[in-house]
Each structure stands twice: as structure tokens, then as C-alpha cells.
Amino acid sequence: EKLGLNEIRELFLSFYQSKEHYRRQSFPLIPQNDKSLLIINSGMAPLKPYFAGIETPPSKRMTTCQKCIRTGDIENVGYTSRHGTFFEMLGSFSFGDYFKKESLTWGWEFITKVLKMPTDRLWATVYENDDDAYAIWRDVIGMPEERIVRLGKDDNFWEIGTGPCGPCSEIYFDRGEKYGCDNPDCKPGCDCDRYVEFWNHVFTQFSRDDEGNYSDLAHPNIDTGMGIERLACIMQGVESIFDVDTIKYILDAVVAKSGVEYKDGEAETDISIRIITDHLRSMTFMIGDSILPGNEGREYVLRRLIRRAARHGRILGIEGPFLAELSEKVIETSGDAYPELKQRRDMIKKVIAVEEEKFASTIDQGMKIINSYMDELKTEGSKTLDGEKAFKLHDTYGFPIDLTREILEESGYEIDLDGFEKAMEEQKKRSQAEQEMDDAGWDEVNAELSVEGETNFTGYETLFDTGLIKA
Ligand code: ATP
Ligand code: MG
Ligand code: MG
Ligand code: MG
């Protein structure tokens with residue numbers, strides 16, 4: 001009786017097809033010809049050339065359901081009811097064709113006529129000086145003024161790196177008083193769980209260049225994005241995206257594997273269960289798009305996700321590898337909509353298994369070492385772990401620096417990141433020197449001097465550069 005996530009996807013795409021949108025399969029997670037972005041993080045990201053007028057779109061109207069990864073949300077995952085590192089974004093796009101009025105009224109038609117959401121639970125936000133959008137909500141759609149909220153640049157102006165950007169209007173669902181907070185002025189934009197943002201309509205009328213200058217686009221565009229998990233959460237009347245049918249299916253398998261009960265979503269073990277569930281989705285989709293674990297860029301993101309999930313498995317008391325087996329659940333629930341998952345089933349499981357094996361041999365020892373480091377810090381009355389030590393954990397025990405950082409932060413400690421980078425640099429120099437000796441034919445000497453382990457790590461800097469990780 002309740003709509004499943006897979007059915008909602010179909011309803012959305014066919015609704016926009018009926019509005020003459022060209023329907024296209026999701027683009028891969030790896031950006032094509034776009035150095036400003038490590039991984040696709042929105043429906044519009046792969047469409048930038050169309051928005052910027054560099055390429056001609058197959059149609060002036062398009063609709064997709066795009067695979068997205070947002071590493072920047074990694075610390076929210078598990079703790080909020082609405083964030084995943086992986087999610088699917090339903091999108092409708094106009095390349096210089098229709099503009100604000102059609103976008104908002106069709107959006108309204110979809111959620112209130114097709115999905116039959118109760119109108120009195122819906123709120124709208126607009127950018128503070130966007131009177132056009134405000135007037136459409138009030139006069140065309142008939143939204144009562146008390147449910148139209150003007151918000152500032154942080155919430156209602158959309159941009160990623162360079163390229164098309166502009167003001168936006170977002171649609172929120174009121175989950176009811178029991179999710180509210182003490183703030184007498186609690187409304188969309190408030191930090192609590194009562195009002196859930198689920199659909200962003202972006203009016204891309206500007207373009208931002210490398211230096212941060214904005215210019216008008218010749219033809220204003222529409223780019224809307226709606227997280228399908230959040231929409232399904234609302235439609236299914238469940239607590240969080242982890243209770244949505246297809247995601248719950250994966251979560252249940254994590255619960256069965258660990259033998260740890262899932263309680264109210266807030267217990268410490270619940271957080272671990274949610275994190276594993278989410279990371280299983282990201283890793284399966286990433287490998288399905290041919291990303292392999294490694295020490296740089298996207299590959300580092302994948303390695304970090306797999307090892308982070310493995311660690312949470314340990315917290316739940318799971319012995320031995322388990323992620324490869326559970327990735328099957330992701331393929332089962334999403335394989336019809338994303339055939340690449342089925343086609344690459346064996347590869348996906350193999351890659352996860354190999355990475356799990358690699359980490360399994362060092363994780364327990366690494367955890368012991370981290371704990372002894374924290375004990376030392378406690379005795380010393382210090383809060384900051386030596387960069388050298390963090391490097392050793394990375395180099396010898398395969399702990400991605402961000403994982404070490406997180407584990408330390410959980411107990412109130414931090415890392416001397418400058419020291420870590422210095423140790424990394426020295427390692428690079430050492431291996432370069434070895435390389436030179438090698439070139440000189442000193443093979444034996446080199447073999448003796450050479451250090452086993454992971455060198456050439458640049459993922460950390462790369463992630464900082466792209467802003468995917470907060471400094
Ligand atoms: P939030 O404020 O909740 O973090 P956002 O403003 O960052 O969301 P947008 O960039 O506006 O999100 O993306 C459009 C839509 O994509 C959101 O309205 C939401 O439905 C969905 N979305 C964004 N981030 C996530 C995420 N991490 N997990 C699931 N869905 C997401
Ligand atoms: Mg966000
Ligand atoms: Mg937001
Ligand atoms: Mg938003």
C-alpha cells in the first residue's frame with residue numbers, strides 16, 4: 001500500500017516525461033572532463049556543459065535520477081535522520097527553456113497531485129530578495145504567507161565550485177510537533193528534525209568564474225534536486241532514511257550479521273549499524289562505476305569508506321570480513337534501476353573482499369596501538385597526537401588519516417596534521433632516494449632499505465583541495 005522507493009523513482013521520471021522532459025539514465029559517479037569535482041554530488045553536476053552552453057543537450061528539458069556521493073556529509077551519517085554519503089537525486093532540468101513558474105508549479109503538482117502529500121504540511125523557502133519566487137508561491141500556488149520563509153545565502157543560494165549557480169527555493173515537510181524544538185520561532189531553516197528539506201529548486205541565472213565573479217547567463221536555467229531517500233521517508237511515514245524499504249533491507253542484513261538489535265536509531269550501536277548500511281551503498285555503487293580503493297582522490301574516498309565500515313563492524317562485534325557478502329543486498333535492491341551493479345556483481349564483491357582482507361590483518365593491532373597512544377596522551381595530559389604516530393598508523397596499519405582523526409575525536413583528542421604531512425613528505429623523499437639508488441643499479445642495497453607499506457599518499461591534500469573534507 002505504501003509506495004516503495006523504486007516505485008517513487010518511476011513515478012517521478014514518468015511525471016517529468018509527461019511534461020516533455022527527456023529521460024536519461026544516471027551518469028556515472030566519476031565526473032567526465034571536470035577537474036573541479038572529485039565525485040558527482042548532485043543531479044546537475046554532470047550536466048554542467050549543457051548549463052554553461054559548452055555542449056548542446058539532447059533536449060531543452062531533462063529528467064534523471066542521479067547517483068550521488070557527498071563525502072562532506074560523512075560526519076552527519078548515522079547521526080541525522082536524513083543524510084547518507086550515498087544518495088540518489090531526482091532531478092528536473094531546463095536548459096534555457098522554462099523558468100521559475102513552471103518549475104515550482106510542476107513540482108507542486110507532483111507532490112500534491114501524484115504523491116498526494118497533505119498541503120498543510122508543506123512549507124516553502126525562497127532566497128531573501130527573490131520576490132519573483134515568493135510571488136509564485138503565494139499567488140500562483142496559493143501557499144499561505146506564514147508558510148513561505150525567506151532565507152539567506154547559506155541556505156538558499158546554490159553553487160558548487162565554478163559554473164552555473166543562483167538563488168533557490170526549497171520545499172520542506174513538517175513532520176509534526178513531536179520532532180520540534182524549544183525555539184518559539186522553529187520553522188524551516190531551524191536545526192531540529194521537525195521540518196525536513198526535501199526538494200531544492202535552483203534558478204541558475206548566474207555563472208561563477210575561478211576568481212569568484214558572477215555574470216548573468218544568457219539563458220536562465222532550472223535545476224531541481226530531490227533526495228529520493230528523504231522523499232520515500234516522508235511518503236512511508238518512517239523515522240529516518242534508514243527505515244525506508246530498500247535501505248531497511250540492507251540494514252536488516254547488518255543487524256542479522258552482527259546479532260546486535262537495532263533500537264531507536266540513537267543508541268551507539270544503532271549509529272554503527274546505520275554507518276555500515278550507508279557505506280555499503282556507497283562502496284557498492286562506487287566500485288560499480290569502476291572506482292578501486294587506493295590512496296588518492298576518489299580511490300582514497302572508497303578506501304576510507306570501506307575501512308570505516310569495517311571498523312564499525314568490529315564495534316558491533318562482527319568477526320572476520322562481512323562487507324562483500326552484504327553488498328549483495330545493495331545489488332538486490334538497486335540492481336534493476338542500476339543494471340551496472342548486476343553486471344559487475346562479481347567484481348564488486350571481489351574488490352570489497354580484497355580490501356577487507358588487507359585491513360583485517362592490521363585493524364585489531366592498529367586499534368590497540370591507537371588506544372595505547374590515547375592512554376599515553378591521557379597520562380601526559382596532552383590533547384594532540386604526534387604527527388609521526390598518526391603516520392605510523394597510516395603507513396604500517398593502513399589506517400586512513402581521517403579514520404584515525406575520527407577515532408581520536410570520539411575521545412576528545414586531535415592530530416598534529418602538520419607533523420603528519422611532514423612525516424609523509426619525508427617518506428616520499430626516502431622512497432625517491434631509494435628510486436635513485438635503484439636507477440644506479442644498487443638493487444641489493446635498495447631491497448634492504450626499502451620500506452614496505454603505502455607510500456605516495458596524496459589523497460589527504462587532494463580532498464582538502466576539493467573542499468570535500470572540511471579543514
Ligand atoms: P541538507 O541541508 O539537509 O544537508 P542540502 O541543502 O545540502 O541538504 P541540496 O544541496 O539542496 O542539499 O541537495 C538537494 C536535495 O538532495 C536535498 O534537498 C535533499 O533532499 C537531498 N540531499 C542532499 N544531501 C543529502 C544527503 N547527504 N543524503 C541524502 N539526501 C541528500
Ligand atoms: Mg547538506
Ligand atoms: Mg539545506
Ligand atoms: Mg538544500
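# A first look at a predicted model

In the hairpin of S8 and S9, which has five residues between its strands, Gly-212 takes a positive phi near 90 degrees. This is a predicted model, where local features need pLDDT of at least 70, side-chain atom pairs count only at pLDDT 80 or more, and totals for chains, interfaces and linings use all residues. Residues are numbered from 1 along each chain as its sequence is written, while chains are lettered from A and ligands numbered from 1 in the order in which they are written.

**Paired strands**

- S8 and S9 run antiparallel and are joined by nine bridges; two strands pair if DSSP finds at least two bridges between them.
- Arg-208 has Tyr-214 as its bridge partner in S9.
- S3 and S9 also run antiparallel, with six bridges between them.
- Met-89 has Gly-227 as its bridge partner in S9.

**Around ligand 1**

- Ligand 1 is surrounded by 16 residues, and the closest are Asp-73, Phe-87, Asn-200, Gly-225 and Gly-227. A residue is near a molecule if its C-beta atom, placed from the backbone, lies within 6 Å of it.
- Two or more residues of this shell come from each of strand S3 (86-94), strand S8 (195-208), strand S9 (214-227) and helix H6 (228-236).
- S8 gives the largest share, four residues.
- The shell has five nonpolar, five polar and six charged residues. Here Ala, Val, Leu, Ile, Met, Phe, Trp, Tyr, Cys and Pro count as nonpolar, Asp, Glu, Lys and Arg as charged, and the others, Gly among them, as polar.

- H8 and H10 are roughly perpendicular to each other, a label for angles of 65 to 115 degrees.
- Residues of H8 in the contact include Leu-280 and Met-283, and those of H10 include Leu-326 and Val-330. Two residues are in contact if their C-beta atoms, placed from the backbone, lie within 7 Å.
- This contact has six nonpolar, two polar and one charged residues.

**A buried tyrosine**

- Tyr-338 is found in the loop between H10 and helix H11 (339-343).
- Tyr-338 is buried, with 21 other C-beta atoms within 10 Å; a residue is buried if 20 or more such atoms lie within 10 Å of its own C-beta atom, all placed from the backbone.
- Tyr-338 touches Ser-26 and Gly-288, not counting residues up to four places away in sequence.

Methods
Angles under 35 degrees count as roughly parallel, over 145 as roughly antiparallel, 65 to 115 as roughly perpendicular and the rest as oblique. A residue is buried if 20 or more other C-beta atoms lie within 10 Å of its own, exposed if 12 or fewer, and partly exposed in between; C-beta atoms are placed from the backbone.
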